[in-house]
Amino acid sequence: MALVDHRPAATSTATAVGSHDRAPEGDVSVPLSLPLEAHPSSVLTSSSVPSPQLNSTRANAAFVILARNSDVWEILKSIRGIEDRFNRKYHYPYVFLNDQPFDDDFKRHTSGIASGPCSYGLVPKEQWEEPQWIDEDKAAVERQKMADNKVIYGDSRTYRRMCRYQSWAVFQHDLLADYDYYWRIEPSVEFFCDIDYDPFMYMHENGKKYGWTVSLYEYEATIPTLWKTTKEFTDAHPEYLASPNMLGWITNDKGDYNRCHFWSNFEIGSLAFFRSEAYTKYFEHLDRAGGFSYERWGDAPVHSIAAALFLKPEEIHWFHECVLALSSTVLFVCCSSSTSV
Ligand SMILES: Nc1nc2c(ncn2[C@@H]2O[C@H](COP(=O)(O)OP(=O)(O)O)[C@@H](O)[C@H]2O)c(=O)[nH]1
Ligand SMILES: [Mg+2]
């Protein structure tokens, strides 16, 4: 059934289109705009919410969502939340990425509730699959060992691919090429309060390069050699270390990684940082070591260690006041409000 947009034309400079269910396959942009009056106003609590001036006061930024077609219902909940709490006032665009082509249902449902333009991209196979130096037999043995030890996602090859992709290649996707900042959204993420300012603009205006809400301890079994491999890199390339940096925040008294990391189900980042020479070379070093396949290195500790080492503390922002995003997972914070971030 064709989806017809009955909403009135936007008064802003954003482009409106009428139907979103005929989008071609592959990388495609589905522009959509939604006038402010089309939204229910019940969740808006602050009278001081700035009126968005589309294309003038917004940052050059987008939400990025890596998802499978089967994630559509959980993704819709997350989009509903971010729209109601924030984006209904700003209409930032969404970039959806998938290792398989998105189906029409996914595109129709997501573009139907997003108030900003939606683009749907395919992850290049060569960026999704393991690099050629990975020994597949060894990787399979290691996955089985983790499965036997009941490590979460321990047996999953696709989860490892996802983590490796989100660690670096996602930032190189063509659909993100023109943006300065991304805000990662995942399935089943809930926003418990209204966000009555623009976090992207906050990042932009205050020179922030990484923003987070919740910090956790990584499962030790998933990263046995991540810190050793990181140290090899920083020993060889001390020139990339920021001064000052947040090494103290991620290490214990013995100088080992304390497994503290920023939860990547919510993160706002500078794309320039994740495309920088320091981060790129760091990722390449990790990738060569094989831990994304032989262990189960997550994108969250990789992003976090990099931010802690290659950024200055003042470039990292804790969105603690209001931008709190949680999933149904039990989470706890491993730093206190006195932390200098
Ligand atoms: N396209 C695609 N997306 C995936 C795949 N596995 C996970 N994702 C996405 O990657 C993100 C992280 O996955 P999730 O299951 O939430 O992992 P968790 O947050 O570590 O529990 C989510 O946005 C998922 O939708 C996959 O095999 N293909
Ligand atoms: Mg998740």
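Pro244 sits in the loop that joins α7 (226-236) to α8 (247-250), where helices (H or I, at least four residues) and strands (E, at least two) are DSSP runs numbered from the N terminus. The peptide bond leading from Ser243 into Pro244 is cis, with omega near 0°. The phi of His91 is near 60°, a positive value in a residue other than glycine.

The model is a predicted one, in which local features need pLDDT of at least 70, side-chain atom pairs count only at pLDDT 80 or more, and totals for chains, interfaces and linings use all residues. Residues are numbered from 1 along each chain as its sequence is written, while chains are lettered from A and ligands numbered from 1 in the order in which they are written.

The average pLDDT (the predictor's confidence in each residue, from 0 to 100) over the chain is 82, and 77% of the residues score at least 70. Residues 1-55 stay under 50, and the model has 90 contacts for them beyond four places in sequence; two residues are in contact if their C-beta atoms, placed from the backbone, lie within 7 Å. Residues 327-341 are also below 50, with 26 contacts beyond near neighbours in sequence. Where pLDDT is low, the predicted coordinates should not be read in detail.

Turning to the ligand, the shell around ligand 1 is made up of Leu66, Ala67, Arg68, Asp71, Asn98, Asp99, Thr158, Tyr159, Met162, Glu186, Pro187 and Asn265, a residue being near a molecule if its C-beta atom, placed from the backbone, lies within 6 Å of it. Helix α5 (residues 157-167) gives the most to this shell, with three residues. By class, the shell holds five nonpolar, three polar and four charged residues; Ala, Val, Leu, Ile, Met, Phe, Trp, Tyr, Cys and Pro count as nonpolar, Asp, Glu, Lys and Arg as charged, and the others, Gly among them, as polar.

Two helix pairs can be described next. Helices α1 (residues 72-85) and α2 (residues 104-113) pack at about 15°, with axes 9 Å apart; axes are lines fitted to C-alpha atoms, for helices over the stretch in contact, and angles run from 0 to 180 degrees between N-to-C directions. The two are therefore roughly parallel (angles under 35 degrees count as roughly parallel, over 145 as roughly antiparallel, 65 to 115 as roughly perpendicular and the rest as oblique). In this pair, Val72, Ile75, Leu76, Ile79, Arg80 and Glu83 of α1 meet Asp105, Phe106, His109, Thr110 and Ile113 of α2. Their contact comprises six nonpolar, two polar and three charged residues.

Helices α10 (residues 277-289) and α12 (residues 299-310) pack at about 135°, their axes 11 Å apart, and are therefore oblique to each other. Here Ala278, Tyr279, Tyr282 and Leu286 of α10 meet Val302, Ala306 and Phe310 of α12. This contact has seven nonpolar residues, no polar and no charged.
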